[in-house]
Amino acid sequence: MPIDIRKLRVTFAGEVTGIDCRRPLSSEEVAAIDAGMDRFAVLVFRDQPLDDERQLAFTRQFGALESYATPGHIRRREEQRLGPGIADFSNLDKDGNIMSAEDRVWFFKLGDRLWHSDSSFRPIPAKYSLLSGRVIPSWGADTEFADMRAAYDALDARTKAIVEDLVCEHSLIYSRAAIGFTDLTPEEIAAFQPVRQPLVRCHPATGRRSLFLASHAGAIVGWTVPEARVFLHELTEHATQREFVYKHKWQVGDLVMWDNRQTMHRATRFDRHEVRDVRRTTLAGEAAIPAKAGIGRAA
Ligand SMILES: [Fe+2]
């Protein structure tokens with residue numbers, strides 16, 4: 001059966017059939033998936049029982065893996081359960097036991113329940129993220145995606161003019177403070193210094209504009225903090241209205257691939273006494289293209 005990408009219930013998620021993610025793709029298949037990502041921004045591949053090695057091999061067909069010397073998390077290498085290149089989004093410790101509710105790694109993970117775009121707190125934010133469902137709890141633990149292109153398009157003209165040139169500061173310090181987790185070490189605070197990102201960004205392939213929001217955004221350059229926070233909160237509420245959201249209900253063997261340049265996402269609640277084992281590979285992106293710089297690019 002040839003590769004096929006079928007639209008899901010919402011306009012920005014597609015389901016890919018006709019490929020086996022465990023085997024090398026043809027250049028035509030890679031191009032079809034890239035085109036599908038440009039069009040939909042979220043692609044679902046069902047029944048893909050990947051191990052870490054195969055997930056990494058599949059991911060590398062779409063570009064270079066994200067790699068940073070500074071941590072995007074608070075677990076040291078020797079405390080991690082999984083090998084290089086695979087980010088652990090489970091609730092398991094390095095020995096495979098469910099982590100304590102008091103574990104600060106767990107506090108840190110709870111921040112992923114807030115809407116965000118992966119690595120927006122880094123100078124070069126992520127391109128695609130690929131999440132593989134290995135063990136799925138009996139309820140909850142969905143992943144919700146919000147289409148930030150549609151959210152931008154639906155802004156009124158006055159708000160579009162306001163956001164056009166705004167620059168936000170993103171940091172893990174802001175998103176973790178939002179859930180009351182402020183107990184960071186001096187090393188973490190130094191590693192999580194805010195970076196600046198345009199509030200409106202253009203997609204490098206399509207030229208489409210998106211709101212570049214995330215719970216990591218905690219300030220707007222030139223604005224007071226309270227005014228910035230209230231405005232970002234209002235924009236986030238606008239951008240995550242049900243009409244812009246796709247909720248993915250996980251099955252074991254699902255692989256979900258999303259474009260962080262045009263979506264936000266969040267995890268939903270589950271019983272933390274059940275195992276959730278989902279593993280992410282992440283593709284390196286490029287510096288976000290501000291709205292003005294995107295003029296003249298492909299529409
Ligand atoms: Fe994420």
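Ground rules next. I am reading a predicted model, where local features need pLDDT of at least 70 and side-chain atom pairs count only at pLDDT 80 or more, while totals for chains, interfaces and linings use all residues. Residues are numbered from 1 along each chain as its sequence is written, and side-chain values use heavy atoms, with hydrogens and water left out.

**Entry: the whole chain.** I counted 8 helices and 16 strands in the protein chain. Its radius of gyration (taken over C-alpha atoms) is 19 Å, which agrees with the value near 19 Å for a compact globule of 299 residues; the globule rule is 2.2 Å times the number of residues to the power 0.38. I noted 52% of the residues as buried, where buried means under 20% relative accessible area, exposed over 50%, and partly exposed in between (1.4 Å probe, protein chains only). Taking a contact as heavy atoms within 4.5 Å, I found that among contacts between residues at least 6 apart in sequence, 81% join residues at least 24 apart.

**Entry: two positive phi values.** Most residues other than glycine have a negative phi, so I looked up the exceptions. A41 has phi near 85° and sits in the loop between helix 1 (27-40) and strand 3. D47 has phi near 55°. Are they buried or exposed? A41 is buried, at 0% relative accessibility, whereas D47 is exposed, at 60%.

**Entry: helix 2.** Which residues of helix 2 (52-60) are buried? I listed Q55, L56, F58 and T59.

**Entry: L184.** I found L184 in the loop between helix 6 (172-177) and helix 7 (186-191). L184 is buried, with a relative accessible area of 13%. Leaving out residues up to four places away in sequence, L184 touches R104, I173, I189 and F192. I also checked L184 against R6: the two are 178 residues apart along the chain, and their C-alpha atoms are separated by 44 Å.

Notes: Helix = DSSP H or I, 4+ residues; strand = E, 2+ residues; numbered from the N terminus.
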